[in-house]
Amino acid sequence: MNENLKVLRSLTPCFYIKRGDQASIIAGVIEFIKELHLVHQSLEAKKRRKSLSPSPGPSTPRPLQLSPTPESPFNNNFKELGASCNSPVADVEARLCGSNVMLTTISKRIPGQIVKIINVLEKFSFEILNLNISTMQDTVLYSFVIKIGLECQLSVEELAVEVQKSFSSDVFCINEI
C-alpha cells in the first residue's frame, strides 16, 4: 500500500496534495484525476467542433449551449447540481459542491481573461477560495473553488452564462434541458 501511495504521489503535481497522510494523498489524486477528466472532455469537444467546422478559417459565432452537468464518475454517493455553458471560444462548467461552487473554464490562452473572470465573480459576491491554473500548449484550464456570498442571487446556470459572457461580449446562450 505504501509503495502504491508513493507512486500516486510521484505522478500527481505537488499542489494537489496538501499533507503527506494517506487520506490527503488519495484526495489530491482524485482531484487531479477529475481535472484531467475535464481536460480530456474539453479536448474531445474541441476535436468534435473542429471536425464539424466547414473550413479552417475563423468560425462564425454560434449560440452557446447550456446543459445540465452529468453526474461525476468520482461522486457516486450524490448528484451535483450544475450546468455547463459551451461555445466555440470556451467551455464553462459550474457545479455546487456542498456550500461552495466548483467553476471550471477551458479555452485557448487569452491575455487578461483570468482578470475578467475574477471581476465577474466579485461583481456577483463570490469569494474565491482556491484557483488552479493548468496549461497545455495553447489551452488553459482555470479551476475555481468559490464561496457563495450572502448577497449572491445567481443560480449555477446563470453563473456559467455570466462567466461565458466574459470571454466575448457578442455571444448569447440557449437553454437546453
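What percentage of the 177 residues in the protein is made up of buried residues? In this predicted model, for which local features need pLDDT of at least 70 and side-chain atom pairs count only at pLDDT 80 or more, totals for chains, interfaces and linings use all residues. Residues are numbered from 1 along each chain as its sequence is written, and side-chain values use heavy atoms, with hydrogens and water left out. Buried residues account for 38% of the 177 residues, where buried denotes under 20% relative accessible area, exposed over 50%, and partly exposed the range in between (1.4 Å probe, protein chains only).

The protein contains four helices and seven strands, assigned as DSSP runs (helices: H or I, at least four residues; strands: E, at least two) and numbered from the N terminus. The order of the elements from the N terminus is α-α-β-β-β-β-α-β-β-α-β. Of the contacts between residues at least 6 apart in sequence, 54% join residues at least 24 apart, a contact being heavy atoms within 4.5 Å.

The largest nonpolar core comprises 22 residues. Such a core is a set of buried Ala, Val, Leu, Ile, Met, Phe, Trp, Tyr and Cys residues joined through side-chain atoms within 4.5 Å. The residues with the most contacts inside the core are Leu103, Ile117, Leu121, Phe144, Ile146, Leu159 and Val163. At least two core residues come from each of strand S3 (90-97), strand S4 (100-108), H3, S6 and helix H4 (156-165). The greatest contribution is that of H4, with five residues. With neighbours within four places in sequence left aside, the contacts of isoleucine 146 include Leu103, Leu121 and Leu159, as well as Asn100, Val101 and Phe126.

Methionine 1 is located in the segment before helix H1 (2-11) and is exposed, at 65% relative accessible area. Together with Ile26 and Ile30, Met1 forms a nonpolar surface patch of about 290 Å² accessible area. Patch members have over 30% relative accessible area and no salt bridge, with like charges joined within 9 Å and nonpolar side chains (Val, Leu, Ile, Met, Phe, Trp, Tyr) within 5 Å; a salt bridge is a side-chain nitrogen of Lys or Arg within 4 Å of a carboxyl oxygen of Asp or Glu.

Glycine 20 is situated in the loop between H1 and helix H2 (22-52) and is partly exposed, at 47%. Beyond residues up to four places away in sequence, glycine 20 touches Arg9 and Ile25. The C-alpha atoms of glycine 20 and arginine 9 are 9.0 Å apart, with 11 residues of separation along the chain.

Positive phi values occur at two non-glycine positions discussed here. Serine 125, with phi of about 65 degrees, lies in the loop between helix H3 (113-123) and strand S5 (126-136) and is partly exposed at 23% relative accessibility. Glutamine 137, with phi near 55 degrees, is in the loop between S5 and strand S6 (139-148) and is exposed at 71%.

Key
Areas by Shrake-Rupley, 256 points an atom, 1.4 Å probe, with all protein chains shown as cover.
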